[in-house]
Amino acid sequence: MAMTNLLRPWPSRAPVVRPGAYVVTVYHQAFYEHAVQRGRGFAFTCDATGAVDMSALSPAGKHNYHRCTIVDARDYLLPVVETTTGKVWDAGSVECPCGAEHNLRGHTTACACGQHFNASGQMLRGPEADPTNSTFNPEFA
Ligand SMILES: [Zn+2]
């Protein structure tokens, strides 16, 4: 990143409230395999017991789920619950000069006060760039 994006001298990182960390996520899906055309079928997000949350399904998902469980149930094998684990980076949060906790996510984000941050928590273009912003704290200018 070009240093010209940083309006404050280094280090311009906001105080860390919650450090970044990898978050382990676990996904479950119930796979209904077609009895004849093996390898084909439908998979639905479910919990560890295989229970599918119908309210979370799209209309097409509900239609397919009913096909697997009611309408064409004899064409599909009993569901197999497949579990997948993954790691997702949570960039954490910093304390904005306005006092609010700001969750870092994505490439750049902005607090409600107008302060911009990069994914590492460095303060970029600040609310002082907007002369109409009345919530700017001049302590951090
Ligand atoms: Zn703020």
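Two strands pair if DSSP finds at least two bridges between them. Keep that one in mind. Strands here are DSSP runs of E, at least two residues; helices are runs of H or I, at least four residues; both are numbered from the N terminus.

Now the ground rules. This is a predicted model: local features need pLDDT of at least 70, side-chain atom pairs count only at pLDDT 80 or more, and totals for chains, interfaces and linings use all residues. Residues are numbered from 1 along each chain as its sequence is written.

The overview. The chain holds one helix and eight strands. Reading from the N terminus, the order is β-β-β-α-β-β-β-β-β. How much of the chain counts as buried? The figure is 16% of the 141 residues. Buried means 20 or more other C-beta atoms within 10 Å of the residue's own; exposed means 12 or fewer; partly exposed is in between; C-beta atoms are placed from the backbone.

Next, contacts. Two residues are in contact if their C-beta atoms, placed from the backbone, lie within 7 Å. Take the contacts with a separation of 6 or more: 48% of them come from residues 24 or more positions apart.

On to the sheet. Three strands make an open sheet, ordered β3-β2-β4, with antiparallel pairing. β3 (41-46) and β4 (80-90) are the edge strands, each pairing on one side only. On average, neighbouring strands of this sheet are turned by 30° against each other, direction ignored. Axes for that are lines fitted to C-alpha atoms, for helices over the stretch in contact, and angles run from 0 to 180 degrees between N-to-C directions.

Let's walk along β2, residues 21-33. Six bridges join β2 to β3, and the two run antiparallel. Ala-30 has Phe-44 in β3 as its bridge partner. Glu-33 sits opposite Gly-41, also in β3. Then β4: eleven bridges pair β2 with β4, again antiparallel. There, His-28 stands opposite Thr-83.

Last stop, Ala-48. Where is Ala-48 found? In the loop between β3 and α1 (59-71). Why is Ala-48 exposed? Because 9 other C-beta atoms lie within 10 Å.
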